[in-house]
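The following note sets out points for a colleague's review of the structure shown below.

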Amino acid sequence: MVKSLFSLLSLAVLASLFTAPSNAEEDGSYRHLLLAGGGLNACSSFASDNCDDVDWIDKDTMRTDRYLNLSKKFRSKATAESAWPTYREETRKKVADALELIHERLKEDIVPERVFLREFTRRATQQLYNALSDAEWNRIIDLIELPVPDSAREVVNLDENLKGESKAIFQRFVEMAQSVAGDDQKPTIYFLTSASRNPYDAIDFYSSVFEQLGAEARWLPLDSALVKAQREGRCDELAKIQQEELGAYERDRVHRDRYKEQVAFCKDSDAAAEMIAKADGLFFNGGDQNLTRSTFVKANNQPGDVLKTIIAAVQQKEVVVGGTSAGTAVMTSKPMISNGTTAQAIKEGAIASDPPPFGCDLDTTCPPNVGPDSLTYHPLGGLSLFHYATLDTHFSERGRHGRLMRLAAASSTPLSIGIDENTAMEVNLETGAFDIIGERGAFFVEDAQGTDKAVAGTFHYLVAGASGVISPYGLQTAEFAEGDDVVQTEPTTNFLSDRGLIDSMRILCGERKQLSLLNKDYRLIAQRGESSRVQSSGGECQVINGSIGIAWQPQEQL
């Protein structure tokens with residue numbers, strides 16, 4: 001297996017060498033897209049863990065938590081037979097007992113969600129908690145959640161952010177929108193929550209973020225449930241459709257005003273086009289890229305009218321588009337990744353299928369031949385705003401190099417890009433010019449090839465401060481970053497689900513030309529050759545034209 005892995009590496013090096021600078025006409029500093037890798041955490045009244053100081057938070061006027069009602073009425077509703085499938089009857093009864101136990105222990109009807117979670121994960125109910133799928137847990141929370149007070153909103157305070165890079169990335173998107181609006185007026189940014197199971201939870205967050213940074217911030221209430229309601233003429237039944245499509249229960253009760261706003265939007269067929277016409281920037285949230293795709297792409301895989309309008313506006317430089325996490329992954333016109341781990345991808349391959357529900361193995365809701373860790377993808381891409389490459393996010397932090405390479409090899413995609421957390425890549429769609437900003441870097445994979453149990457390809461890794469030009473076939477030019485801000489995390493060699501590759505790759509900027517890592521039954525080899533260039537920046541090793549391979553090699557098969 002090791003010998004075959006070296007053979008794949010050799011082929012990858014020959015297949016894709018760093019090319020000469022492109023003669024494409026440059027278009028100054030204009031950037032059409034901002035693609036963030038996720039992890040854009042912000043200090044807020046609802047997420048005080050991200051704050052340097054919390055004295056500014058007023059619990060009387062700001063939303064600081066989700067509150068749950070543990071009274072008998074609400075416990076009964078959350079564990080009613082009608083809310084649970086018959087094959088989960090035993091689990092339903094155990095949940096009813098657990099809720100009663102927690103209520104007796106706390107001796108209170110109204111409790112914050114974080115207190116409820118702490119109690120549910122204590123020894124007596126820990127095993128039950130671990131046996132619940134995400135869909136089941138979300139249903140419980142939804143059905144016992146108290147309505148959100150109209151006067152209590154989540155408030156963001158970017159000045160108290162623990163991570164300055166998050167603020168800088170949001171600020172950069174506002175600047176991009178300003179370039180569309182002109183210098184004489186505030187930019188107008190419409191943000192979408194279409195990737196969320198609950199479309200209302202993040203509205204206050206994005207409103208507060210963009211308003212603090214000097215923009216007019218407004219919610220564009222499009223999501224897959226609303227699109228279905230419009231298509232079927234069922235806007236007044238939106239709550240029922242949210243339950244069917246999103247697995248979100250009683251949002252009309254919990255978010256009354258926002259729900260009414262969305263129903264009114266649903267009944268106005270011209271509202272979306274009017275909002276997009278007013279927008280200088282559109283920002284797509286994180287969550288599930290498949291939900292955003294189904295919002296804008298029809299069942300026959302043709303773009304809907306709203307997506308056509310957005311694409312035309314981007315091409316004409318009438319609006320810029322940004323996204324984070326799922327909001328980035330969905331931008332591609334290449335195969336769109338939707339689920340999976342590196343370990344399962346290398347071992348099992350890539351599956352053209354809808355993504356499995358989280359925890360589907362626990363409540364037997366996995367699609368046929370798909371497990372919770374399977375690599376799934378949509379072969380016809382996402383929103384098709386980014387035509388250069390397949391995109392992946394939360395990249396180095398979750399060790400997703402192998403899953404991206406497997407998809408690239410299986411789909412014969414020439415270029416794939418993975419963007420680290422708290423990092424963004426801003427791109428000019430006409431010239432391919434890009435800049436990397438934020439905390440960490442972006443990983444480029446070219447001409448990936450694979451066998452049943454191994455993948456390999458040519459790779460480049462550039463960190464914040466780097467820039468260059470890409471084409472649909474690979475990296476054309478690149479300028480290394482020269483920063484000195486070291487990533488403050490404990491190094492690891494775990495390349496299956498952590499930063500093991502990036503941490504270990506630092507030796508390639510020294511005298512070593514090759515690294516070899518073993519993690520469980522998987523081996524990774526990365527190397528630089530005669531055509532490679534390397535340069536350190538902030539303690540990380542930037543590499544151009546390296547080669548990498550990952551193989552599954554269980555001992556019993558060696």
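1. Overall size. For 558 residues, a compact globule would have a radius of gyration near 24 Å, and the protein chain agrees because its own value is 24 Å; this radius is taken over C-alpha atoms, and the globule rule is 2.2 Å times the number of residues to the power 0.38. The C-alpha trace spans about 70 × 65 × 50 Å along its principal axes.

2. Basis of the values. The model is predicted, so local features need pLDDT of at least 70 and side-chain atom pairs count only at pLDDT 80 or more, while totals for chains, interfaces and linings use all residues. Residues are numbered from 1 along each chain as its sequence is written, and side-chain values use heavy atoms, with hydrogens and water left out.

3. Composition and contacts. The protein chain has 19 helices and 21 strands, these being DSSP runs numbered from the N terminus (helices H or I, at least four residues; strands E, at least two). Buried residues account for 56% of the 558 residues, where buried means under 20% relative accessible area, exposed over 50% and partly exposed in between (1.4 Å probe, protein chains only). Of the contacts between residues at least 6 apart in sequence, 74% join residues at least 24 apart; a contact means heavy atoms within 4.5 Å.

4. Strand S16. Ten of the ten residues of S16 (residues 454–463) are buried. Ala454, Ala456, Thr458, His460 and Leu462 point one way from S16, whereas Val455, Gly457, Phe459, Tyr461 and Val463 point the other way.

5. Partners of S16. Two strands pair if DSSP finds at least two bridges between them. S16 pairs with S15 (residues 441–450) in the antiparallel sense over eight bridges, and the two form a hairpin with three residues between them. In this pairing Val445 stands opposite Phe459. S16 also pairs with S21 (residues 540–552), again antiparallel, over seven bridges; there Ile550 is the bridge partner of Val455.

6. Second largest pocket. Its volume is about 800 Å³. Among the 30 lining residues, Val227, Arg231, Ser294, Thr295 and Lys298 are the closest to its centre. On a 1 Å grid over the protein atoms alone, a pocket is an open set of points with protein on both sides within 12 Å along at least five of seven lines, a cavity is a set where a 1.4 Å probe fits but cannot get out, and lining residues have an atom within 4 Å of a point. Grid points are joined across faces, edges and corners, and a volume is the space filled by probe spheres set on the points. Helices H9 (224–232), H12 (256–267), H13 (271–278), H14 (289–296) and H15 (305–315) each supply at least two lining residues. The lining has twelve nonpolar, ten polar and eight charged residues, with Ala, Val, Leu, Ile, Met, Phe, Trp, Tyr, Cys and Pro counted as nonpolar, Asp, Glu, Lys and Arg as charged, and the others, Gly among them, as polar.

7. The whole structure holds one cavity of 30 Å³ or more. The largest cavity contains about 70 Å³ of space, and its lining includes Val148, Asp150, Arg153, His255 and Arg258. H12 gives the largest share of that lining, three residues. By class, the lining divides into three nonpolar, one polar and five charged residues.

8. Thr79. Is this residue buried or exposed? Thr79, in the loop between H2 (72–78) and H3 (89–106), is buried because its relative accessible area is 8%. Not counting residues up to four places away in sequence, Thr79 touches Trp84, Arg92, Val95, Ala96 and Leu99.
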